[in-house]
Amino acid sequence: MSSPVVVFVVFIVTTIQTAMSGPFTLVHKVAGDPSDYPLETVASTQTPSHLAVSRAKGSIAIHDLTTFAVASVLSSPPGHNARILSQVLFDNSNPNLLFAGDRAGSVVLWDVRSRTSALTWNSYAPVLSFDVNCNHSLLAVGTELVGEDAKINFWDIRNAGGPQVASFIECHSDDVTQIKFHPTHAEAMISGSTDGLMCLYNLATFEEDDALYQVIKDDSVSKLGFFGPASEYLYATTHMETFSLWTFEEANKIYTFGDVRGVSPELKLDYLVDCVYEGAGQRLYAVAGSQEGSIGLLDVNLGQLSLAYTLNGGHTDIVRAVYWNTQAGMLVSGAEDGALCVWQQQQQQQ
């Protein structure tokens with residue numbers, strides 16, 4: 001049980017000593033309507049060329065990542081009510097396709113080039129989270145609690161228009177806020193909920209009792225993700241603004257950080273946005289923000305969160321979305337002031 005912790009300490013401490021990246025500078029800002037603020041900013045996991053920005057009134061703007069110009073806008077067809085979006089995700093095999101989940105109960109697959117919807121999967125309950133596995137065979141969708149059921153629905157996306165493969169209704173007793181497949185193991189998945197549970201699955205079978213092999217008890221789950229050289233660790237943030245680290249397969253707790261508000265004496269932090277893993281340096285960062293729009297990037301070490309970077313002067317309200325390309329040193333943030341800000345990281349001389 002102790003060996004995963006030792007490995008974690010080694011790669012975190014080693015990379016902190018060799019990091020040479022400098023501060024961030026605001027290089028571009030796009031003002032926007034505060035009533036239609038950005039909800040999420042995502043790019044393709046392949047060579048990223050475009051950024052998808054979902055907004056509060058239901059549209060998705062596709063930005064060119066070089067010029068930051070809007071290449072296209074995806075929105076509900078004429079005569080249809082705008083849908084409240086919950087998540088967007090580029091297809092992991094084709095960067096011209098984009099999945100979008102909404103609270104009307106659907107996950108829609110958009111063709112970014114033609115601005116048309118190609119496929120729709122309906123969960124008949126508000127969609128809060130979803131993911132597609134690494135071999136592009138399975139879509140998993142987590143729903144809001146409706147009546148007595150909060151569901152995780154599965155489709156084989158190779159079978160266009162086909163029926164559900166399975167539906168899990170026993171694992172969670174409240175809203176399923178997070179669904180994540182492992183980046184390299186197609187049958188490995190984790191879900192998180194406001195019931196305070198994180199559930200680990202082996203989807204070699206769709207018998208719910210057999211597929212579920214570990215349950216982690218925590219607080220109401222806000223964000224989940226994999227990190228580490230082989231994605232062998234998990235991070236989890238909660239709606240209580242706490243933060244914890246776990247081993248994936250064994251579900252062993254590595255460390256639980258308390259309330260991150262007040263963790264830094266240099267910057268007032270009020271909430272967690274998400275976490276970002278820098279693969280080249282093998283470093284995990286927690287992204288936090290203030291009510292006034294400042295952003296803090298926290299270096300995650302065992303037993304300690306330290307303020308690594310501060311991004312000030314871009315926003316004046318709560319930051320909702322952050323996309324950070326650690327290889328390019330570029331970060332894009334979106335906030336309730338309606339603005340999108342582009343930040344560039346400077347490189348320090350050795």
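**Close-up 1. Antiparallel pairing of β24 and β25.** Strand β24 and strand β25 (residues 304-311) pair in the antiparallel sense through seven bridges. In this predicted model, Asp299 stands opposite Ser306 of β25. The hairpin of β24 and β25 has two residues between the strands, and Gly303 takes a positive phi near 85° there.

**Close-up 2. Pairing of β24 with β23.** Strand β23 (residues 283-289) runs antiparallel to β24 and is joined to β24 by five bridges. Ala286 has Leu298 of β24 as its bridge partner. Five residues lie between the strands in the hairpin of β23 and β24, where Gly293 adopts a positive phi near 100°.

**Close-up 3. The two faces of β24.** Strand β24 (residues 295-301) is mostly covered, with seven of its seven residues buried. In a regular strand, side chains alternate between the two faces of the sheet. Ile295, Leu297, Asp299 and Asn301 point one way from β24, whereas Gly296, Leu298 and Val300 point the other way; all are buried.

**Close-up 4. Loop residues with positive phi.** Phe68 is not a glycine, yet has a positive phi of about 65°. Phe68 lies in the loop between β4 (60-64) and β5 (70-74) and is buried, with a relative accessible area of 7%. Arg115, also a residue other than glycine, has a positive phi near 60°; Arg115 is placed in the loop between β8 (106-111) and β9 (116-122).

**Close-up 5. A patch of negative charge.** Glu170, Glu207, Asp209 and Asp210 gather in a patch of negative charge on the surface. Asp210 belongs to helix α2 (residues 208-211). Asp210 counts as exposed because its relative accessibility is 55%, and exposed means over 50%.

How values were computed: Residues are numbered from 1 along each chain as its sequence is written. This is a predicted model: local features need pLDDT of at least 70, side-chain atom pairs count only at pLDDT 80 or more; totals for chains, interfaces and linings use all residues. Side-chain values use heavy atoms; hydrogens and water are left out. Patches are made of residues with over 30% relative accessible area and no salt bridge: like charges are joined within 9 Å, nonpolar side chains (Val, Leu, Ile, Met, Phe, Trp, Tyr) within 5 Å. Accessible areas come from the Shrake-Rupley method with a 1.4 Å probe; for residues, only the protein chains shown count as cover. A salt bridge is a side-chain nitrogen of Lys or Arg within 4 Å of a carboxyl oxygen of Asp or Glu. Lys and Arg count as positive and Asp and Glu as negative; His and the chain ends are not counted. The place of a charge is taken as NZ of Lys, CZ of Arg, CG of Asp or CD of Glu. Helices (H or I, at least four residues) and strands (E, at least two) are DSSP runs, numbered from the N terminus. Buried means under 20% relative accessible area, exposed over 50%, partly exposed in between (1.4 Å probe, protein chains only). Two strands pair if DSSP finds at least two bridges between them.
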